[in-house]
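Here are my notes for a first look at this structure. Please read them with the model open beside you.

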Amino acid sequence: LRFLEVSQADFMLQGRNSSSGVESLQYQGSYDTELLALHEMTQKLVVALLCDPVNTVKRTLLRNGISQLCVFFGRQKANDVLLSHMITFQNDKHDWQLRGAFFDSIVAVASYVGSQSLNMVMPLLQQGLTDIEESVVQKALEALIDLCKLGLLQKSSLLELTMDVLPFLCHPNVWLRFGAVGFVKSIASKLNVADLHCLLLPPPQPYLAAPIP
């Protein structure tokens, strides 16, 4: 893609000194054709990697370059190609590292795709909070915090997720407790005073040793 862009820039620079509009149109058509071919070739390769039977390949792709692939494909294909395959990783009950890698990368993909991805992402976030592996739960909490900070979750979704997160305030794992506190804190920063006192403060009370003043 870099070489294709450089060649176009070079041609456009040369075209400023040329009066041939026909040649310019022909080159633009060639550029569009080459870009489409590059997208199709890369898409086939990426889909093959996302469907590879060896989970190490999938984890490596998620942790190295998923953001760049989103930019390369554009918003629609990032949703249709990348996200649609990534969500299937949560069905692998035997590889907690793959499920964790999904939550490591979902923020980058969701932030690029935008709000249209949340209908698919929300159930997966809730599923991550019930994972049998605590490391996956921790990563799901971290993803929730980042999505909240980015403003990608609506208030209704935040409040719904809060009810799922609050029990972790009493969890034996200190990292999950920290994650729950971090999520509640990130929500508090997004609410006005009225919503804070009416919607966010009452639910945590049963999980606290002392009431919030």
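Predicted model: local features only at pLDDT ≥ 70, side-chain atom pairs only at ≥ 80, totals over all residues.

1. Start with Asp-131 and Arg-99. Asp-131 sits in the loop between helix H7 (118–128) and helix H8 (134–149), while Arg-99 belongs to helix H6 (residues 96–113), so the pair ties together parts that are 32 residues apart in sequence. Are these two residues buried or exposed? Both Asp-131 and Arg-99 are buried.

2. Next, Lys-139 and Asp-104. Lys-139 is partly exposed, with a relative accessible area of 22%. Asp-104 is partly exposed too, at 39%.

3. Then Asp-195 and Lys-155. Asp-195 lies in helix H11 (residues 193–200) and Lys-155 in helix H9 (residues 155–165), so the bridge ties together parts that are 40 residues apart in sequence. Why does Asp-195 count as buried? Its relative accessibility is 14%, and the cut-off for buried is under 20%. Lys-155, at 41%, counts as partly exposed.

4. Now the overall fold. How many helices and strands does the chain have? The secondary structure comes to 11 helices and 0 strands. Read along the sequence, the pattern is α-α-α-α-α-α-α-α-α-α-α. Among contacts with a separation of 6 or more, 64% are between residues 24 or more positions apart.

5. The chain has 213 residues, and buried ones make up 40% of them.

6. A buried position to look at: Ala-78. It is placed in helix H5 (residues 75–86). Ala-78 has 0% relative accessibility, so it counts as buried. Which residues does Ala-78 touch, not counting those up to four places away in sequence? They are Cys-70, Phe-73, Leu-83, Tyr-112 and Val-113. For a distance check, take Ser-67, which is 11 residues from Ala-78 along the chain. The C-alpha atoms of Ala-78 and Ser-67 are separated by 9.5 Å.

7. A surface position for contrast: Phe-178. It is found in helix H10 (residues 174–188). Phe-178 has a relative accessible area of 52%. The cut-off for exposed is over 50%, so Phe-178 is exposed. Together with Val-174 and Trp-175, Phe-178 makes a nonpolar surface patch of about 330 Å².

8. Finally, confidence. The chain averages a pLDDT of 84, and 85% of the residues score at least 70. Where does pLDDT stay under 50? That stretch is residues 19–28. For these residues the model has 6 contacts beyond four places in sequence.

Definitions and conventions: Residues numbered from 1 in each chain as written. Heavy atoms only, no water. Helix = DSSP H or I, 4+ residues; strand = E, 2+ residues; numbered from the N terminus. Buried < 20%, exposed > 50% of the residue type's maximum accessible area, 1.4 Å probe, protein only. Contact = heavy atoms within 4.5 Å. Patch = residues over 30% accessible without salt bridge, like charges linked within 9 Å, V, L, I, M, F, W, Y side chains within 5 Å. Areas by Shrake-Rupley, 256 points an atom, 1.4 Å probe, with all protein chains shown as cover. Salt bridge = Lys/Arg side-chain N within 4 Å of Asp/Glu carboxyl O. pLDDT = per-residue confidence, 0-100.
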